[in-house]
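Please look at the sequence and the model together before reading the notes below.

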Amino acid sequence: MNAGSRRFRRTVCTSLALALPLAALAACGGGGGSGASAEEGSGKGTISVWAHQGQASEAAALQSAVKSFNSAQSDIKAELKLIPENDYTKTITATSASELPDVMEFDGPTMASFVYNSKLAPLDDHVSAKTLDNVTDAVKAQGEIDGKHYGLGMFDSGLGVWGNKKLLDAAGVKYPTGLSDDWTAAEFTAALKALKAKDSDGKVLDISEQYGLASEWGTYGFSPIVWSAGGALLKDGKAEGALDSPAVVSAMKTFQSWKTDVDANTDGNAFAKGRVALSWVGNWTYPAYSEALGDDLVVLPLPDFGNGPKTGQGSWAWGIGADTKNAKAAGAFMDYLLGDTSVSAMTKANGSVPGTKSTLAKSELYKQGGPLQLFADQLAKPCGDTDITKSCVAVTRPVTAGYPTVTAKFYQALNSIYSGKDPKSALEKAARAIDQDYSDNAGYKIP
């Protein structure tokens with residue numbers, strides 16, 4: 001796995017976790033669900049903390065935050081346990097609620113499954129109002145179920161189309177400068193055609209195939225096409241009519257038509273080496289792309305398929321174990337993790353979008369006028385996972401215990417469409433499978 005792929009897995013989601021058997025992640029009859037509540041406790045003593053072992057700089061930032069928290073006061077001692085990323089979600093899934101830590105990290109899309117299985121408690125009464133107010137609306141949307149918050153993230157993510165200004169200018173392609181003048185899908189297709197006319201092999205677009213379309217990258221990277229076409233992966237607990245609507249089918253036909261323009265990017269360097277002019281990927285590639293292209297690097301929103309440009313969002317988050325006996329201390333630790341010092345150190349370590357308003361405003365990369373302002377602008381217009389209007393941009397992947405089925409069926413359909421299968425048939429098949437699974441599991445309703 002190359003560095004770019006590792007960064008995707010780290011900042012966006014753990015594909016392995018979402019490939020677990022559905023029964024393992026969201027067993028039927030999932031305990032107390034949203035009714036699970038932690039004991040307040042004394043607010044003193046030792047608390048256990050679990051986190052995934054990501055890249056070395058990320059782990060170091062977290063270890064430093066824990067050490068600083070323990071040094072800053074004498075009432076609470078946080079004990080951190082790092083678990084290898086490939087084993088992390090499987091470990092939480094296999095551990096009974098009573099054996100889970102007081103505070104634990106989890107990948108955003110897996111949250112609803114843990115709530116469904118009574119492994120996470122609402123944290124609204126345990127973290128400070130200041131912390132809740134300071135977390136960005138997009139981060140809060142990922143962690144919310146029925147008005148209660150179960151997860152808050154130190155950082156977020158977003159998608160864009162990176163452009164090579166030199167190659168775009170040479171082909172006479174005019175490109176967007178921000179959300180206000182985004183490309184339509186037709187204009188994006190026309191730009192590809194113009195670029196091909198100036199390209200020796202006709203491969204002018206990278207869509208990060210090296211991550212694997214039949215994986216969580218397929219869902220994270222290309223469900224924005226569904227949302228931008230006015231559809232949804234799931235609407236009111238059903239996929240039929242939302243995922244396979246005529247507008248979504250048409251949009252997927254357009255996506256399919258781009259395949260002849262795409263560099264397979266097996267080495268992960270198609271854009272950095274100048275083989276292609278455009279790269280459809282996320283904020284995490286900025287360090288490598290900036291080093292390779294310098295002033296020729298521009299970032300554009302994804303094309304608009306009719307319902308406005310859209311992006312995915314979400315990443316790792318923190319929550320409180322449902323069986324903790326010291327939620328007051330757990331909340332105090334989360335307040336510290338989500339403070340400016342900790343968030344700033346973490347996002348400098350991993351290059352992600354800060355998950356708090358105060359840190360975001362001061363970020364050299366993401367602040368107004370910064371090179372990555374587009375990602376912050378997109379996240380400032382969150383849709384949540386249900387109200388996907390033309391005016392919002394950042395969409396949360398469906399917050400549901402059935403997400404493992406939703407994502408697997410969608411990315412399988414996406415991959416088959418890209419491979420040449422009929423979009424209508426592929427999407428209808430996916431929608432039927434999702435709806436059957438939801439019917440079999442009573443809609444995954446959380447008690």
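The accessible surface of the protein comes to about 16,700 Å², and 49% of this area belongs to carbon and sulfur atoms. Accessible areas come from the Shrake-Rupley method with a 1.4 Å probe, and for residues only the protein chains shown count as cover. The model is predicted: local features need pLDDT of at least 70, side-chain atom pairs count only at pLDDT 80 or more, and totals for chains, interfaces and linings use all residues. Residues are numbered from 1 along each chain as its sequence is written, and side-chain values use heavy atoms, with hydrogens and water left out.

**Overall build**

- The protein contains 19 helices and 16 strands, where helices (H or I, at least four residues) and strands (E, at least two) are DSSP runs numbered from the N terminus.
- The radius of gyration is 21 Å, close to the 22 Å that the globule rule gives for 447 residues, so the protein is as compact as a globular protein of that length. This radius is taken over C-alpha atoms, and the globule rule is 2.2 Å times the number of residues to the power 0.38.
- Along its principal axes, the C-alpha trace spans about 70 × 50 × 35 Å.

**Burial and contacts**

- Of the 447 residues, 59% are buried, a term that means under 20% relative accessible area, with exposed meaning over 50% and partly exposed lying in between (1.4 Å probe, protein chains only).
- Among contacts (heavy atoms within 4.5 Å) between residues at least 6 apart in sequence, 78% join residues at least 24 apart.

**The disulfide**

- The structure holds one disulfide, defined as a pair of cysteine sulfur atoms within 2.5 Å.
- A disulfide is a covalent bond between the sulfur atoms of two cysteines.
- Cys383 and Cys392 form this disulfide, with their sulfur atoms 2.1 Å apart.
- The torsion about the S-S bond of Cys383 and Cys392 is about 105°, so the disulfide is right-handed.
- Cys383 is buried, with a relative accessible area of 9%, and Cys392 is buried as well, at 6%.

**A buried loop residue**

- Leu152 lies in the loop between β6 (148–149) and β7 (155–156), and Leu152 is buried, with a relative accessible area of 0%.
- Leaving aside neighbours within four places in sequence, Leu152 is in contact with several residues, including Leu123, Val127, Ala317, Trp318 and Leu338.
- Leu152 and Thr136 are 16 residues apart in sequence and 9.4 Å apart in space, C-alpha to C-alpha.
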